[in-house]
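Hi everyone, thanks for making the time. I'd like to walk you through how the chains of this assembly meet, and then look at a few places inside them.

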Amino acid sequence: MGVRKALTGNHAISYAVKLVRPEVIAAYPITPQTSIVEKLSEMVESGELDSKMIRVESEHSALAACYGAALAGARAFTATSSQGLLYMHEVVHWVSRARIPMVMAIVSRTINAPWNIWPDHSDFMDQRDAGWIMAYAMDNQEALDLTVQAFKIGEDPEVYLPVMVGIEGFILGHTTMPVEIPDEELVREWLGPRRQPYVVDGGSPIGVGGLTMPEETEDIFHGIQESMEAAKKVVERVDKEYGRLFGRSYGGLTQCYRCEDADYIAVAMGAWSGDLMEAVNTLRDQGYRIGVVRIRFYRPFPHEEIWRYAGRAKGVIVFDRSISFGGWGPIFTDLVTGLAAYTDKLPALSNIVTGIAGVNITSEDFERLVKRFVEAVEKGGKPVFFEWFKKR
Amino acid sequence: MSQPRPKPPIPYNMRDALLPGDAACSGCPIPMGWKTVHAALGGKVIYVIPACCSSVVVGTSPGHSLNATVVHVPFAAAASVASGIAEALEKRGVTDVHVVAWAGDGGTGDIGLATLSGAVERNNNMIYIMYDNEAYMNTGIQRSSSTPKGAWTTTTPVAGKAEQKKDVAKTMIAHNIPYVATASIAYPHDFYSKLQRAKSIKGFKFIHLHAPCPVGWRFEPQYTVKMARLAVETGLWVLYEYQNGKITLSGPSRPYMDPSKRKPIEEYIKMQGRFRNITQEVLDEVRKSVELNWEWVRKFM
Amino acid sequence: MSLEVVSPVHGKLPITKPLKGVAGKTGLWRTERPVVDNGKCTRCFTCETYCPVNVIRVEPETGVSIDLDYCKGCGVCAEVCPVKAISMVPETG
């Protein structure tokens with residue numbers, strides 16, 4: 001049994017890093033991630049955390065330094081948000097395409113211009129094609145647990161991909177919740193020694209990332225896609241092992257909340273999933289058979305599970321906290337594509353893009369939107385396919 | 001029987017530096033530089049190479065021509081990846097490996113300048129060698145901040161570069177790092193001794209290596225070494241070391257402290273097609289800047 | 001903390017090994033070939049030091065040998081030789 005502390009999301013992630021004790025941390029402060037860098041600096045300087053902290057001068061250098069450290073055999077960690085994540089974007093691709101495991105926390109903040117420090121999922125989603133395993137937490141406990149698990153998942157030879165763990169800035173990042181910190185020795189024993197596909201540390205000479213012809217390059221990239229597929233089982237196994245050892249299991253790639261006997265499924269990712277679950281409780285009391293499928297891992301996308309939970313449903317409503325301009329919400333797009341892999345008789349579908357740039361969405365809003373959707377389907381009509389719901 | 005004379009590192013320790021058959025242009029100075037680095041630093045070197053000619057010179061998968069570890073990195077990231085490698089190796093107790101960032105003038109003085117300054121200010125442990133062929137050669141001879149005034153490049157094709165050459169070594173001196181040196185591929189023994197000194201220091205060491213490019217500067221490939229020598233003999237390229245606030249002039253440059261000993265600048269300029277359209281005005285400016293640079297060197301000596 | 005290097009289950013890796021001839025037999029590039037007069041050669045090692053393809057070997061007994069499979073014919077060796085023991089001749093082969 002671990003120690004219980006009242007921690008902000010940022011500090012929960014910091015304590016997860018302390019448990020893992022990566023050899024190298026390289027991070028650059030950006031609102032709303034700053035307290036991670038500050039907490040880790042404090043832990044390192046006080047001797048509480050025996051890691052090397054590289055106080056880099058930019059996010060691009062933060063991820064580049066982590067890449068170098070990870071190449072050289074170290075566990076490496078960084079954290080960032082928004083503009084910082086975008087600044088390191090070319091390195092985000094570089095790390096996954098080099099198949100080097102490491103972990104990064106994303107404390108979500110919308111993308112600018114204009115300046116805006118409040119949360120939505122746009123910075124996280126902007127990385128979705130890069131080949132990183134992408135997970136998102138609903139509360140601070142899960143943030144800690146996911147950060148620890150990220151090292152285990154990424155270093156599995158079936159996977160060998162870097163992992164990013166997201167939380168919303170301020171909503172989780174700066175909000176205090178009770179968090180249990182597992183036992184450090186037990187965590188390290190479970191993680192075991194670091195594994196990676198090759199290392200740069202003075203052994204026989206090796207070249208990394210040199211000029212490669214098209215066919216060979218394609219093989220390398222295809223390997224990422226195959227590893228993404230294999231990662232699904234690894235995520236599930238890690239979730240179960242963690243449950244056995246530390247007492248918390250979340251369900252794998254997704255969390256099913258009252259969805260087993262649901263006629264209607266609502267899909268969401270992140271902290272507001274909790275508000276959605278509250279709305280669903282209220283609607284259940286009113287007689288609606290609704291459930292929530294919470295996306296925990298966005299990459300690899302859990303289309304099998306969505307089919308399993310939502311295949312029989314009369315309707316699926318997807319809440320996206322980001323938009324692909326000119327298209328739809330990314331979760332909705334992937335979900336519908338995933339369903340089409342299994343059937344040509346799709347359930348009624350609706351995409352609500354909302355809560356953008358930090359607009360606050362409550363469980364009452366969810367209640368109203370879900371109810372409107374269900375009633376539209378029940379009446380035999382077509383629910384709104386896509387709406388950017390602007391709460392004013 | 002007397003002891004057999006020990007084999008000198010140049011050229012004996014150069015022999016296993018490179019595997020023949022690389023993709024460098026005929027007469028390229030880059031492999032010349034590598035041979036000296038290998039002679040000085042030995043077998044366990046991790047080269048961190050950003051986008052530049054060297055990225056391609058080492059050849060195509062499944063092989064590379066340098067007999068060492070080569071880590072290819074994004075254009076601006078040589079100093080930052082090298083920082084990460086250095087810190088990780090130290091943390092893991094691996095102490096017998098040299099981390100060498102080997103980058104061109106573009107990746108160092110232009111796109112990579114902020115990254116460089118960051119690693120320098122943190123005093124991360126590495127030898128950073130900026131080999132200077134004075135343009136973005138790998139992408140086809142576009143101007144960089146290191147291109148000298150008046151030089152033709154594909155992005156300064158009519159009047160030649162209007163701005164003067166950025167002096168990155170001076171920028172490093174301003175950061176007050178443990179060791180800064182200038183070197184030239186024409187003086188491998190001088191470069192070798194600078195590497196020997198650098199490798200014994202912990203922290204950030206910077207070497208600015210002059211590397212004339214036959215293709216980009218428009219001269220016959222046989223003259224690569226001669227061109228680099230002329231740069232020193234005209235006093236244009238000064239070989240020095242900077243440590244603890246003082247500059248030590250290197251042997252090969254000592255004669256040229258005296259302006260009357262310097263070869264006329266025209267000898268260097270006229271041999272290069274890239275200066276074909278240089279105006280008399282710019283030529284006079286170049287001559288003046290050579291003497292101004294020597295004044296600066298003398299101040300720190 | 002120990003480290004285990006384990007091959008990936010899926011996919012090829014973007015790694016290379018030191019290899020000779022990565023750009024093929026670069027001797028095919030040249031239009032001129034170095035010819036050495038080992039009688040004139042003083043075994044000063046200058047040509048070997050500067051050769052950018054690392055194909056020159058100077059041995060005290062035998063003098064200069066050049067691996068013509070990879071020599072690009074740049075002419076640096078001929079230019080730096082202090083006694084002009086190397087000359088560049090048109091490549092006809």
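Let me start with a term: two strands pair if DSSP finds at least two bridges between them. Strands here are DSSP runs of type E with at least two residues, and helices are H or I runs of at least four, both numbered from the N terminus.

A word on the source: this is a predicted model, in which local features need pLDDT of at least 70, side-chain atom pairs count only at pLDDT 80 or more, and totals for chains, interfaces and linings use all residues. Residues are numbered from 1 along each chain as its sequence is written, while chains are lettered from A and ligands numbered from 1 in the order in which they are written.

So, on to the sheet. In general, strands of a sheet pair through backbone hydrogen bonds, either parallel or antiparallel. Here we have an open sheet of eleven strands with mixed pairing, in the order 2(B)-2(C)-10(A)-3(B)-1(B)-4(B)-5(B)-7(B)-6(B)-8(B)-9(B). Its edge strands are strand 2 (63-64) and strand 9 (246-249) of chain B, each pairing on one side only.

Strand 10 of chain A, residues 207-208, pairs with strand 2 of chain C in the antiparallel sense, over two bridges. Which residue of strand 2 of chain C stands opposite Val208(A)? That would be Ile15(C). Strand 10 of chain A is also joined by two bridges to strand 3 of chain B, residues 69-72, and those two run parallel. There, Gly207(A) has Val70(B) as its bridge partner. Meanwhile, strand 2 of chain B and strand 2 of chain C pair in the parallel sense over two bridges, with Lys17(C) as the bridge partner of Gly63(B).

Now the contacts between whole chains. By contact I mean that the C-beta atoms of two residues, placed from the backbone, lie within 7 Å. Between chains C and A, the contact takes 18 residues from chain C and 30 residues from chain A. On the chain C side, strand 1 (3-5) and strand 2 (15-18) are the elements that give two or more residues, and strand 2 of chain C provides the largest share, four residues. Sorted by class, that side has ten nonpolar, five polar and three charged residues. For the classes, Ala, Val, Leu, Ile, Met, Phe, Trp, Tyr, Cys and Pro count as nonpolar, Asp, Glu, Lys and Arg as charged, and the others, Gly among them, as polar.

Chains A and B meet through 37 residues from chain A and 37 residues from chain B. On the chain A side, the largest share comes from helix 3 of chain A, with nine residues. That side divides into 20 nonpolar, ten polar and seven charged residues.

Next, chain A itself. Its domain assignment, where bounds come from an automatic or database source, gives domain 1 (3-246) and domain 2 (254-388). The C-alpha centres of these two domains of chain A lie 28 Å apart. In the contact between them, 24 residues of domain 1 of chain A meet 19 residues of domain 2 of chain A. Helix 9 of chain A gives the most to the domain 1 side, with five residues.

What about the inside? A residue is buried if 20 or more other C-beta atoms lie within 10 Å of its own, exposed if 12 or fewer, and partly exposed in between. A nonpolar core is a set of buried Ala, Val, Leu, Ile, Met, Phe, Trp, Tyr and Cys residues joined through C-beta atoms within 7 Å. The largest such core has 258 residues, and Val48(B), Ile85(B) and Val100(B) have the most contacts inside it. Helix 3 of chain A, residues 59-71, gives the most to this core, with nine residues. Among the residues that Val48(B) touches, beyond those up to four places away in sequence, are Val71(B), Ala78(B), Ile85(B) and Val99(B).

One last stop, in chain C. Ser87(C) sits in strand 6, residues 86-90. Why does Ser87(C) count as partly exposed? Because 14 other C-beta atoms lie within 10 Å. Leaving aside neighbours within four places in sequence, Ser87(C) is in contact with Val35(C) and Ala78(C).

Thanks, and I'm happy to take questions.
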